[in-house]
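Subject: Structure for you to look at

Dear colleague,

Here is the structure I said I would pass on. My notes on it follow below.

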Amino acid sequence: MKSTLRVGAGSAWWGDRVEPAALNAEKGDLDYLCFETMAEATISAAQVRARRDPTFPGYDTYLDDRMRAVLPHCLKRGTKIISNQGWINPEGAAQRIVHWLREFGAHGVKVAAVSGSLITDRVLQLTDRILEDGQPTSTLQSQLVSAEVYLGAEPIVDALKQGAHIVVTGRVADPSIFMAPMMFEFGWDALDHMRLGAGNGLGHLMECGAQVTGGYFADPGFKDVPEPWNFGFPIAEVESDGSAVLTKVAGTGGAVNLQTVKEQMLYEVHDPANYLTPDVVVDFTTTQLEQIGLDRVRVTNISGKPRTPTLKVSIGCAEGFIGEDMFFYAGPGALRRAQLAKKILEERFKIVKLDAEEVRIDFLGVNAIHGEMSPKDRPEPYEVAVRVAARTKTREEAIKVGREVDGMAVSGVSMTGKRVPHQDRTREIIGVWSSLVPREKITPSLSFYES
Amino acid sequence: MNVLLQHVAHCRSGDKGNTSNIVVVAYDEALYPYLKEQLTAERFKAFYDGTVKGPVDRYTIDHLWCMNFVCQGALGGGVSRSLCLDNYGKTLSAGILGFELEIPEGMRGRLRGMGADGE
């Protein structure tokens, strides 16, 4: 058994930077490099795209960029890779990775694909109620785009046990991607909730990449970090009991300190004593943190409780469209002109009979971001943008938003600034609902490929 | 003395469905009790009035000087349905930096960023 396992992060979302992943692969001395590339609606959006675009392979559109950047280093060091870049086509992603392995002259490297999270065709039979509103999931039938179960670490561990060097998955809970190597290397049992609690807690700290190493953190004069243009992604030096030191490659910007770790520990967490994952219920309230050196935080005592009998299902639904656009004012009186523009648009939407579920006309610089809570006694801004958005059932209605903003160019208010539209001002809404499915109804499957 | 929360604590917000969670962490152990006493779930909800439309629950981890405010109905129906420019609510936590706290004068030396914005 290994004494210390080095697990590094390679991405925190689809659009994340590639260069810190390459740096972790090259200089992180990693046993495992883990990629997280999905958001809540990624699978549904991929399904919609796959229907319209037969050339879309169904996996991370940056798979090539990421693998080209890290594979040479990983092959040299013997670093294994765990990644959820498979999206709706893990097998296709695995075969593509095999292609890159061969390009780099690596032969006999085993790549596993983990499938089985997609349950679109049987979600309405397997689930009962929508978690958000208590309605039967059957009410979603006509809008259903995609449904996927959040798998845990176990199928990844199985793939590693069968000799996989690289494991690429569809939907797996983000922390599980990072914990799977710990379970495999330290031989943790799937029901050992104390160790799995610690491991999943560490996974949660790592899953958002730079958010624990100084990203989404700097605030000048209050929370300064060095070179915030040059972040390193996190590395966990994990012990067999699930304690770890969080750090990053020396010489990178950012920071690993008690503040970055605390902010990330509760990021997207609700009750910190009961953070539900497919593998375990994590309890963060027992956590001990200690700064033991520059950019080194020791994390101990994250604990766990037995896993729940159910797995979470994410259900993506086609719910209509959003139309949006923006135009702007500046100088003395910018806000009063923006207010008249708003009135004009409200009247125009009546004239063109805009059929919308919700319309929002905000002033960027005043209230477009924080909405109603924005202070009423603020000083008048020198510049203000009018931002208008509407949610509609059809694309035809959503298009009216941009068309009416077009009218503001020559038929609007004095000194209106407006850009010629150069992109689609409508987008499709894929609403995401949640439900639960009995654990035993879901059987992940593995397939193996070799370079 | 009255100070803005930004001198006492730092924040981060995260999204899940239509719920935003806003983490508030004291910069200093000695400041945490004032933060915990004064920034109740009720006051937090009142501060975000109109923007957070549902109930607010507060969880605390005292030994880490952390509070987590779980705000339902804060994201316009959820990230993909929201008409808000900041549909993930990434900036939402910044609002609470403007909450006023009363801190004993003797704590002045523990405050962060005093004078950073000419306050």
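Does Ala74(B) count as buried or exposed, and how many C-beta neighbours does Ala74(B) have inside 10 Å? Ala74(B) has 25 such neighbours and therefore counts as buried. Please keep in mind that the model is predicted.

The place of Ala74(B) is a loop of chain B, between strand 5 (66-71) and helix 3 (92-95). Apart from neighbours within four places in sequence, its contacts are Asn18(B), Thr19(B), Ser20(B), Thr51(B), Val52(B), Gly89(B) and Leu92(B). Asn87(B) is 13 residues away from Ala74(B) along the chain, and their C-alpha atoms are separated by 9.8 Å.

Ala250(A) sits between strand 8 (244-247) and helix 9 of chain A. Ala250(A) counts as exposed because it has 9 C-beta neighbours inside 10 Å; the cut-off for exposed is 12 or fewer. Between the C-alpha atoms of Ala250(A) and Val432(A) there are 40 Å, with 182 residues separating the two along the chain.

Domains and the contact between chains

Chain A falls into domain 1 (4-116 + 151-308) and domain 2 (318-432). The centres of these two domains of chain A, taken over C-alpha atoms, are 39 Å apart.

Chain A puts 40 residues into the contact with chain B, and chain B puts in 34 residues. On the side of chain A, the elements giving two or more residues are helix 9 (258-265), strand 14 (310-330), strand 15 (356-364), strand 16 (383-392) and strand 17 (426-438). Strand 17 of chain A gives the most, with five residues. By type, the residues on this side of chain A are 18 nonpolar, nine polar and 13 charged.

The nonpolar core

The largest nonpolar core has 170 residues, and those touching the most other members are Ile156(A), Val167(A), Ala180(A), Leu246(A) and Val24(B). Strand 14 of chain A gives the most to this core, with nine residues. Domain 1 and domain 2 of chain A each supply at least three residues to this core. Leaving aside neighbours within four places in sequence, Ile156(A) is in contact with Ile82(A), Val114(A), Val167(A), Thr169(A), Val172(A) and Ala180(A).

The ten-stranded sheet

Chain A has an open sheet of 10 strands with mixed pairing, in the order 11-12-8-7-1-2-3-6-4-18. Which strands stand at the edges of this sheet? They are strand 11 (288-293) and strand 18 (445-450) of chain A; each has a single partner strand, so one side of each has no neighbour in the sheet. From one strand to the next, the twist averages 20°. Helix 8 (residues 193-206) of chain A packs on this sheet and touches strand 1, strand 7, strand 8 and strand 12 (296-300) of chain A. The direction of helix 8 makes about 170° with that of strand 7 of chain A.

Within the sheet, strand 4 (residues 110-115) and strand 6 (residues 166-169) of chain A run parallel and are joined by four bridges. Val111(A) stands opposite Ile166(A) of strand 6.

Gln291(A) stands opposite Val297(A) in strand 12 of chain A. These two strands of chain A form a hairpin with two residues between them, and Asp295(A) in the turn has a positive phi of about 55°. Strand 11 of chain A has six residues and the number buried is zero, so strand 11 lies largely in the open.

Helix 1 of chain A

Helix 1 (residues 19-27) of chain A has as its buried residues Pro20(A), Ala21(A), Ala22(A), Leu23(A), Asn24(A) and Ala25(A). These pack against strand 1 (4-11), strand 2 (32-35), helix 3 (63-77) and strand 7 (235-239) of chain A.

The three-stranded sheet

Chain A also has an open sheet of three strands, antiparallel and in the order 9-10-13. Strand 9 (275-276) and strand 13 (303-305) of chain A are its edge strands, each pairing on one side only. Strand 9 and strand 10 (residues 281-283) of chain A are joined by two bridges, and Tyr275(A) stands opposite Val282(A) in strand 10. Helix 8 of chain A lies across strand 10 and strand 13 of chain A, at about 120° to strand 13.

Regards

Methods
Residues are numbered from 1 along each chain as its sequence is written. Chains are lettered from A and ligands numbered from 1 in the order in which they are written. This is a predicted model: local features need pLDDT of at least 70, side-chain atom pairs count only at pLDDT 80 or more; totals for chains, interfaces and linings use all residues. Domain bounds come from an automatic or database domain assignment. Two residues are in contact if their C-beta atoms, placed from the backbone, lie within 7 Å. Ala, Val, Leu, Ile, Met, Phe, Trp, Tyr, Cys and Pro count as nonpolar, Asp, Glu, Lys and Arg as charged, and the others, Gly among them, as polar. A nonpolar core is a set of buried Ala, Val, Leu, Ile, Met, Phe, Trp, Tyr and Cys residues joined through C-beta atoms within 7 Å. A residue is buried if 20 or more other C-beta atoms lie within 10 Å of its own, exposed if 12 or fewer, and partly exposed in between; C-beta atoms are placed from the backbone. Two strands pair if DSSP finds at least two bridges between them. Axes are lines fitted to C-alpha atoms, for helices over the stretch in contact, and angles run from 0 to 180 degrees between N-to-C directions.
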